[in-house]
Amino acid sequence: MENRQRIYLVLIVLVGLIFWVRLFFLQGLDDRFKLAADTYSIRRLVNQPLRGNIFDRNGKVLATNDYAFDLMVIPLETKEMDTLALATLTEVPIEEMRNAWKKVNKNIEKKRRYKRQPQPLIRDLSQKSIAAFQEKMYRFPGLYVEKRSVRRYPEPFAAHALGYAREADAAVLEKDAYYQPGDYVGVAGIERAYEPYLRGVKGVRKIYVDVRNNEKGSFMDGLYDTLPVPGADLTSTLDIELQKYGEQLMQGKRGAIVAIEPATGEILVLVSSPSFDPNWMVGRNLRQHYGKLILDPAKPMLNRAVMDGYPPGSTFKVMNAMLGLQAGVINPATVVPCGGGFRISSAHTVGCHGHPNADLRFSITTSCNAYYCHVFNELTKTNASARQAYTAWYLGAQRFGFGTKLGTDIPEAKTGLLPSPEYYDRVHGQGKWRGLTIISLGIGQGELKANALQIANLATIIANRGYFISPHLGKALNGKPLPDSLFKRNYTRIDTAHFQIAWEGMYGAVHKPGGTAKIARLDSIAVYGKTGTAQNPHGKDHSVFMAFAPSTSPKIAIGVLVENGGFGATYAAPIASLLMEKYLTDTITRPELEERLLQTRLE
Amino acid sequence: MSTNDRRGGFVGQVDWVLVGIYLILVVVGWMHIWSAVPSQERLSPFDFSSEAGKQFAWILICFLVGAVLMLTDMKLYYVLRWPFFALGLALLLLVLAIGQEVGGNKSWIVLNSFIKIQPSEFAKYFTALALAGYLSTPLHLAPPAARWPTFFWIFMAPITLVMSLADLLLGQGLQMKRVVYWLKAFVIIGVPAILVLAEKDTGSTLVYAAFVLAMFRFGLYLLLFYLGIGLAFLFLTSLLIPPWILVLGLVVLSLGIWVFILGRSPKAILPMGFFLVLLSGFTMGGRWVFDHVLMPHQRTRIMVLFNPDLDPKGSGWNVNNSKMAIGSGSWFGKGFLNGTLTQLNFVPKQHTDFIFSAIGEQWGLLGTTVVILLFLTLLMRLILRAEMQRSPFAKAFGYIVACILFFHFFMNVGTTIGLAPAVGVPLPFVSYGGSSLLGFTLLLFTFIKLDAQNLEVLR
């Protein structure tokens, strides 16, 4: 029986040995646990930097940060509470309050959130509601107020140019790992284009958390923590006063205005009408406003200044004149008999409005259709094949910015449509089309599509006598000018001298008898303009106008497009004229014209 | 070292090795109970509103109790063993009547918000005294078998049958007296065990198996020991491979034993056949019980032994986090008070059942090795000293104490490193808890007292 003692000793030693071997593997040899333990108990907290402000060219604040107050709830800590009293106190409709609670409970039911995890109940409460709530907070255990930075736009203008920043949605989160839920991200306009500068650098804080995610002190006493770096302040090229005036003039009309400083390519004005208050895109009523904007048949969210657009109409003729001169198919003295139109065939004639036979200068002034059909016809039959000739013209027109995005920094910019040779091969069949088939390109109609930015840019090219700098909205970051290399100088490869005739013709259109844009005339300043009418198969034609002024080193080039505005001279020209007068002289000498335009409603 | 080296006088008679290990373990436990809270929430280790402070108070009480035990006479325990046993049963009945539920077990008597006691911890002590007293009368001196009521025989039939067959198999012939002797011992253990089970305290119930372990030293059929290990092995393997393959293996094994070891003895056919049927039945039945009777959470608790990733957020969670805490301690630990998982509540019950993981995280393999060595020394010392006792009562008591401590050590540390199912038993002297500390102190110091008076016993 005594030897049974040994069983106990063996058992004890055996168990001790097994445990020790197990511990040797667990603690000594296996590294997995060391890493896992850290990821388990250390959380990375992100400190959001303040988003950079946006200023206009004169230093006015266009976008800045404000504080919003969210009513947060920790469901575990709540007790039975008076929802109605809470709704009354915070001035939230009772229905909304009930839905908010439903959502909170659903989040827990669906295991999207834990019961001890804070989640927002109502977002963006007013300061007043918050004050009222905080007084009675003791009655609502589990609720508290969290302060959060939100975007504010002090001037309710330039919505399309500024764009907006809002919380990153699922699509953004999936695409870019930088963004975490709750981060702000610029989704349009300047906010989007300069997002990497505006957003700043997130600060990181590492903390220990316990199993319930409660903070339990900082990791390594904050050795690896970083402070957030605020986003850079962006100075934009916009002139908010002029922008505001442009938006007022466009009220009740659909269309777009773009004004560019020719020497720099800086966009002074970018109006797309109808517009909206950019503040609608942030804050509590976003959903409501957003729904309204999306459903509006006038499509206020569409940036009409850079959309695909409409035929540029007669403004296009100036470019064709330049291409004709450069190719040598015409010279300033070339006279084309008008005779009421250009005969394509016995059955088809491009009509004109009956005026004396024109030379090149006068053809611009009077916008002669026959002249430009002739020019285009000549241009497209000089070479062996129509296709080759057209290709040369096509590349020339592209250098004027048509069918391109101009290298602009506006993220929404579209190319418009400049039909490529391949396009016509597709439509008409290879070798089955020639210059006469597509003669309407000569007068800026047909398949062509251009937007206000491209038309303003055409005016810029003429003002600059042959080149343009990619039009842009960004001017300086933290007061430091953006590098010139960002916006390159684009040459049309037209001799500078040729532009003299364009200047003279456009001067005539505004200031000479027979001119189509006499309404744009300013008494003290030389204005160079060209009207256009974009044919619209769906309704009244669109009114188009481009212009620049003054004569010595032009300060402003402008493109205006008013949908269903009829002739260019009717609406587009006077709007451009008033804007130029305001910008160049800071006065309005024609209050009755201004009044008429402000009153006009085309919708 | 032998007992005879010890010189006279009270101090010289006390086994200071046991006392020393006890003191070290108690202080280590107290330190780590204090460490296992987030640093901001850590009060002074003497602050009674914290767990460390309460443990400190209990430690002082236990020192007092230990000292008082030293002043008593060993005869007292033998004389009072039945009253004590009755007191233990009364406490267990009381807890069934007025006990309150804490953490799923209805095993607490709540005196006030500060003091809760868990009678099952003391019942172990009283049962140990009673069983040691019973075992101190060896089989050959035991009174003749008394008459037992019929329902008792029916109730005890399986174990009786096994023991009877063991007699037959060993070729000793059926000795009814021996069978009855052990049956009585099983009754002494079984009554408190059933009461504890009624409190739904699985861990404390399983501890009563430790008493059976001690009984082997005093002549309980070793066959039961092997049978127990065999059954446990069969049960666990039946979860991994189909039971019918196991049964096939058993048949082949039995035939092998019968042919090559028992020399085809015809006398062995009946008992061999019986054990074969028993084991096969257990294998098939065990799997059936596992699949159909056990609750899903009990099933996963067992299955995570094989695959800790089986249920990482559920029942594997505790064990997984405990293993992670211990593993992250590496060779030398993160340093005292620098643990992360055990101080941030990632390891549940980190001051009671999972105190070992707090030590492992903060002191690494170095610390866990020291703790294991301390327990090995304590347990082997207890066995060695128990064996030297002249009084059969003290000897039996010593073995029982060693087996209870061994069982707790095995289940507790085994759980924290994923080698034993999580049944929830404290680590003796180390885990937080006044009742368990007092219970273990009573067990250990009673034995130290009995041992100190060893030389007074006439051979």
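**Close-up views of a predicted model**

**View 1. Surroundings of A:Glu146 in chain A.** Not counting residues up to four places away in sequence, A:Glu146 touches A:Asp70 and A:Met72 (contact: C-beta atoms, placed from the backbone, within 7 Å). This is a predicted model, in which local features need pLDDT of at least 70 and side-chain atom pairs count only at pLDDT 80 or more, while totals for chains, interfaces and linings use all residues. Residues are numbered from 1 along each chain as its sequence is written, and chains are lettered from A and ligands numbered from 1 in the order in which they are written. A:Glu146 belongs to strand β5 (residues 143–152) of chain A; strands (E, at least two residues) and helices (H or I, at least four) are DSSP runs numbered from the N terminus. A:Glu146 has 12 other C-beta atoms within 10 Å, so it is exposed (exposed: 12 or fewer such atoms; buried: 20 or more; partly exposed: in between). Its C-alpha atom is separated by 5.6 Å from that of A:Phe69, 77 residues apart along the chain.

**View 2. The largest nonpolar core.** A nonpolar core is a set of buried Ala, Val, Leu, Ile, Met, Phe, Trp, Tyr and Cys residues joined through C-beta atoms within 7 Å. Of its 148 residues, A:Ile257, A:Val258, A:Ala547, A:Ile558 and A:Leu579 touch the most other members. Helix α17 (residues 452–464) of chain A supplies the largest share of this core, nine residues. Beyond its neighbours within four places in sequence, A:Ile257 is in contact with residues including A:Gly246, A:Met250, A:Ala452 and A:Leu579. Another core, of 107 residues, lies apart from it, with A:Leu26, B:Phe84, B:Leu213 and B:Val425 among them.

**View 3. Helices α6 and α19 of chain B.** Helix α6 (residues 119–135) and helix α19 (residues 434–452) of chain B pack with their axes 7 Å apart, at an angle of about 15°. Axes are lines fitted to C-alpha atoms, for helices over the stretch in contact, and angles run from 0 to 180 degrees between N-to-C directions. The pair is therefore roughly parallel (under 35 degrees; over 145 is roughly antiparallel, 65 to 115 roughly perpendicular and the rest oblique). Residues making the contact include B:Phe122 and B:Tyr125 of α6(B) and B:Gly439 and B:Leu442 of α19(B).

**View 4. Helices α12 and α14 of chain B.** The axes of helix α12 (residues 222–240) and helix α14 (residues 269–292) of chain B cross at roughly 50° and come within 9 Å. That angle makes α12(B) oblique to α14(B). Among the residues that meet are B:Leu231 and B:Phe235 in α12(B) and B:Phe282 and B:Gly286 in α14(B).

Terms used:
Two residues are in contact if their C-beta atoms, placed from the backbone, lie within 7 Å.
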